[in-house]
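Here is a short report for someone meeting this structure for the first time. Look at the model, then read on.

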Amino acid sequence: QAVTALHRSMPGVGKRKQQKLRGKLKEGAGGDTHVGSNPGGVGAGGVDALASVLWARQLGGCEGAKPKSWRVIIRNLAFKATDEDIRSALSKAGFVWDLTVPRDFHRKPKGFAFAAYTAKADAERAVNEVNGAAIAGRPVAVDWAL
């Protein structure tokens, strides 16, 4: 509800998408919005509520809007380190939005990886705390990705 109220207070953000979605939902309900006769279970006034919830969900919230801007690089990775090993070590600092491990032609990892966080504080925590930690038995260097 707080996210929906925030989006409604912002002028012109997604209003047209919300109107289109509300129209599609009403067409899907067949004009009849009684709970008993509607197979979707959307009651009277429920179409508007469902449209606002879906609209807020479509935008993705405020913190995940620019995940690439809070990227860190993990260097000196062991070649035997799996994606799960890297993700579990980096998750101690916060939610890892995206993890990319570049690989060569033979699908072997190149020895470094990129991780994207949803919040700047999580990325800073990763640079400060995970830097020097051992992943798959090898100490790694974590810095800001340029």
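## Ala115 in strand S3

Ala115 belongs to strand S3. This is a predicted model. Ala115 has a relative accessibility of 1%. It is therefore classed as buried, since the cut-off for that class is under 20%.

What does Ala115 touch beyond its neighbours within four places in sequence? The contacts are Trp70, Arg71, Val72, Ile74, Leu90, Val96, Asp98 and Leu99. Ile86 sits 29 residues from Ala115 in sequence. Their C-alpha atoms are 9.2 Å apart in space.

## The chain as a whole

The chain holds five helices and six strands. Starting at the N terminus, the order of elements is α-α-α-β-α-β-β-α-β-β-β. There are 146 residues, and 30% of them are buried. Take the contacts in the chain with a separation of 6 or more: 61% of them join residues 24 or more positions apart.

## Confidence along the chain

The chain has a mean pLDDT of 75. A pLDDT of 70 or more is reached by 58% of its residues. Residues 31-42 have a pLDDT below 50. In the model, that stretch makes 11 contacts beyond near neighbours in sequence.

Residues 50-60 also stay under 50 in pLDDT. For them the model has 25 contacts beyond four places in sequence.

## The nonpolar core

How many residues make up the largest nonpolar core? It has 22. The residues with the most contacts inside this core are Val72, Ile74, Ile86, Leu90, Leu99, Ala115 and Tyr117. Five elements are named as each supplying at least two core residues: strand S1 (71-75), helix H4 (83-90), strand S2 (96-100), strand S3 (113-117) and helix H5 (120-130). H5 gives the largest share, four residues.

Ile86 reaches several parts of the chain. Setting aside neighbours within four places in sequence, Ile86 contacts Leu77, Ala81, Leu99, Val101 and Ile135.

## Helix H4

In H4, the buried residues are Ile86, Ala89 and Leu90. Why do they line one face of the helix? Viewed down the axis of H4, they fall within an arc of 95°, so they share that face. These buried residues pack against S1, S2, S3, H5 and strand S4 (134-135).

## Helix H5

H5 has its own buried set: Asp122, Ala123, Ala126, Val127 and Val130. They span an arc of only 140° around the axis, so they are on the same side of H5. The buried residues of H5 pack against S1, H4, S3 and strand S6 (141-144).

Which exposed residues does the face turned away from the buried side of H5 carry? They are Asn128 and Glu129. After H5 comes Gly132, with a positive phi near 95°.

## Aromatic rings and a charge

The model has two aromatic pairs. One joins Phe95 and Trp97 edge-to-face, with 6.5 Å between centres and 90° between planes. Phe95 has 53% relative accessibility, so it counts as exposed. Trp97, at 43%, counts as partly exposed.

Phe112 and Phe114 form an aromatic pair too, also edge-to-face. Phe112 is partly exposed, with 27% relative accessibility. The charged end of Arg71 sits over the ring of Phe114, 4.8 Å from the ring centre.

## Pro139 in strand S5

Pro139 is found in strand S5, which covers residues 138-139. Is Pro139 buried or partly exposed? With a relative accessible area of 47%, Pro139 is partly exposed.

Pro139 and Asn76 lie 63 residues apart along the chain. Their C-alpha atoms are separated by 7.2 Å. Not counting residues up to four places away in sequence, Pro139 touches Asn76, Gly132, Ala133 and Ala134. Gly132 is the residue with positive phi that follows H5.

Terms used: Residues are numbered from 1 along each chain as its sequence is written. This is a predicted model: local features need pLDDT of at least 70, side-chain atom pairs count only at pLDDT 80 or more; totals for chains, interfaces and linings use all residues. Side-chain values use heavy atoms; hydrogens and water are left out. Rings of Phe, Tyr and Trp (its six-membered ring) pair if their centres lie within 6.5 Å; planes under 30 degrees apart count as stacked, over 60 as edge-to-face and the rest as tilted. Buried means under 20% relative accessible area, exposed over 50%, partly exposed in between (1.4 Å probe, protein chains only). A charge sits over a ring if NZ of Lys or CZ of Arg is within 6 Å of the ring centre and within 35 degrees of the ring normal. pLDDT is the predictor's confidence in each residue, from 0 to 100. Contact means heavy atoms within 4.5 Å. A nonpolar core is a set of buried Ala, Val, Leu, Ile, Met, Phe, Trp, Tyr and Cys residues joined through side-chain atoms within 4.5 Å. The arc is that of the directions from the helix axis to the C-beta atoms.
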